[in-house]
Number of protein chains: 2
Amino acid sequence: MNKKQLSSQQTKQKIAEAARTLFGQKGYASTSIEDIVSATQISKGNIYYHFKNKEGLFLYLLEEWTREWAEQFQSKKERYRTVKEKLIALVEHFVEDGFHHPLTRATNEFYATELITSPNQDKIEEMMQLYLRNYEELLDEGMQSGEFKQDDAHLLSIILEGMLAGIEFSTNQLELDEALRLYRKAIHVFLYGIAVY
Amino acid sequence: MNKKQLSSQQTKQKIAEAARTLFGQKGYASTSIEDIVSATQISKGNIYYHFKNKEGLFLYLLEEWTREWAEQFQSKKERYRTVKEKLIALVEHFVEDGFHHPLTRATNEFYATELITSPNQDKIEEMMQLYLRNYEELLDEGMQSGEFKQDDAHLLSIILEGMLAGIEFSTNQLELDEALRLYRKAIHVFLYGIAVY
DNA sequence: TTTATTTTAGAATGAACGTTCAGTATATAA
DNA sequence: TTATATACTGAACGTTCATTCTAAAATAAA
């Protein structure tokens with residue numbers, strides 16, 4: 001990569017960073033390309049040089065985020081022994097580190113609005129599935145090991161994912177420690193609910 | 001109410017009905033006032049005669065919905081004996097009758113986008129609280145009666161509400177019976193999670 | 001019948017915004 | 001040095017859309 005390509009990559013990342021922050025602060029629809037221009041001093045044309053359009057820019061951020069999430073998920077998983085511990089650690093990690101992730105709220109909005117029109121439905125759907133598959137795997141593991149009752153792991157993964165995502169919704173006004181308390185309680189209720197006694 | 005007032009009320013309801021359907025089908029932002037004009041043959045000016053603006057129209061629908069919800073919640077509550085039964089019945093009822101309520105998705109979108117800018121935050125917040133209070137009351141009742149472990153009912157109400165709302169999200173593609181199965185499983189996991197053994 | 005009030009119509013307004021495009025600068029390669 | 005592909009600029013475009021405004025129609029009141 002020569003000097004030019006390098007600085008080009010840097011501007012692309014600068015755009016991405018500012019966009020992530022702005023989408024997080026103002027939501028998807030309310031963030032204009034002009035806002036990103038103001039925040040970065042990078043011209044509109046340049047933004048469109050690096051990204052197909054607004055939707056493409058957002059999708060780029062989503063994919064970046066999903067990739068990171070998956071990596072962290074894996075490394076967390078390996079650090080704990082029982083599935084219970086793993087799940088608790090995962091929840092704590094993603095509350096601490098990601099609960100106010102810039103994109104969580106904007107993603108809801110994006111998903112709610114763009115799902116109907118976007119030709120990128122598949123891409124979004126795929127990302128959703130990634131989260132579910134990871135949870136499902138863990139739950140399966142817990143059933144194999146005898147930690148959890150035999151049950152429909154797929155269904156439970158939707159419930160878990162739904163629960164975590166849904167709580168996030170009520171979480172906007174909460175401080176980190178309050179949020180942490182809420183999520184801990186939630187995962188414990190869930191674990192009690194599926195545990196073998 | 002004379003003839004004129006009556007027909008005026010009728011047009012107002014006609015607008016509300018069409019808006020509810022359209023917001024449900026296309027989401028909040030993607031539904032234009034023009035769409036409502038096309039669907040109803042009622043003029044723009046007339047719509048603005050009956051409603052302050054688009055946001056006001058949507059809020060009107062939300063309030064209508066919340067009112068109905070609260071009524072049905074009450075009447076359901078009285079028909080069952082234990083809190084467990086009440087909660088299960090409630091979930092089933094609102095899945096069957098409301099899970100594809102026209103406004104569920106649009107409300108998510110509206111909430112996600114308008115929360116930041118809208119001066120109606122309070123109104124929305126208030127509606128949210130109504131749901132929570134109702135759940136909290138029930139949970140409290142269950143703790144009093146010894147059905148549930150002593151715990152923080154407020155926290156649990158947020159978790160329950162979050163879980164139900166969050167699952168809805170994954171539910172768009174599901175058939176009613178699949179959705180019902182999912183929600184039943186969810187409420188059972190939750191109940192097991194908080195029950196006294 | 002006349003006057004006042006409420007209700008309806010729809011063209012006009014104006015701002016917001018995503019996207020395009022013609023052109024310019026810059027670094028790399030020849 | 002020159003040619004070329006890459007990176008970048010920002011004004012202009014076109015469209016969408018909520019909202020406003022003027023006027024007309026319909027009904028109620030006097």
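Reader: What makes the pair Arg181(B) and Asp152(A) a salt bridge?

Author: The closest N and O atoms of Arg181(B) and Asp152(A) are 3.1 Å apart. The cut-off is 4 Å between a side-chain nitrogen of Lys or Arg and a carboxyl oxygen of Asp or Glu, so the pair counts. Bear in mind that this model is predicted.

Reader: How many salt bridges are there between chain B and chain A?

Author: Four. Four residue pairs in polar contact also join the count between chain B and chain A.

Reader: Which elements of chain B touch chain A?

Author: Those giving two or more residues are α1, α6, α7, α8 and α9 of chain B. The residues on this side divide into 19 nonpolar, nine polar and nine charged.

Reader: What is the area buried between chain B and chain A?

Author: About 3,400 Å². Carbon and sulfur atoms give 71% of that area. The contact takes 37 residues from chain B and 39 from chain A.

Reader: What does Lys4(B) reach on DNA strand D?

Author: A base nitrogen, 3.2 Å from an N or O atom in the side chain of Lys4(B).

Reader: Which element gives the most to the surface near DNA strand D?

Author: α3(A), with five residues.

How values were computed. Residues are numbered from 1 along each chain as its sequence is written. Chains are lettered from A and ligands numbered from 1 in the order in which they are written. This is a predicted model: local features need pLDDT of at least 70, side-chain atom pairs count only at pLDDT 80 or more; totals for chains, interfaces and linings use all residues. Side-chain values use heavy atoms; hydrogens and water are left out. Contact means heavy atoms within 4.5 Å. Buried area is the accessible area (1.4 Å probe) that two parts lose on being put together, summed over both. A polar contact is a pair of N or O atoms within 3.5 Å; within protein, one must be able to donate a hydrogen and the other to accept it, and residues adjacent in sequence count only if both atoms are side-chain atoms. Helices (H or I, at least four residues) and strands (E, at least two) are DSSP runs, numbered from the N terminus. Ala, Val, Leu, Ile, Met, Phe, Trp, Tyr, Cys and Pro count as nonpolar, Asp, Glu, Lys and Arg as charged, and the others, Gly among them, as polar.
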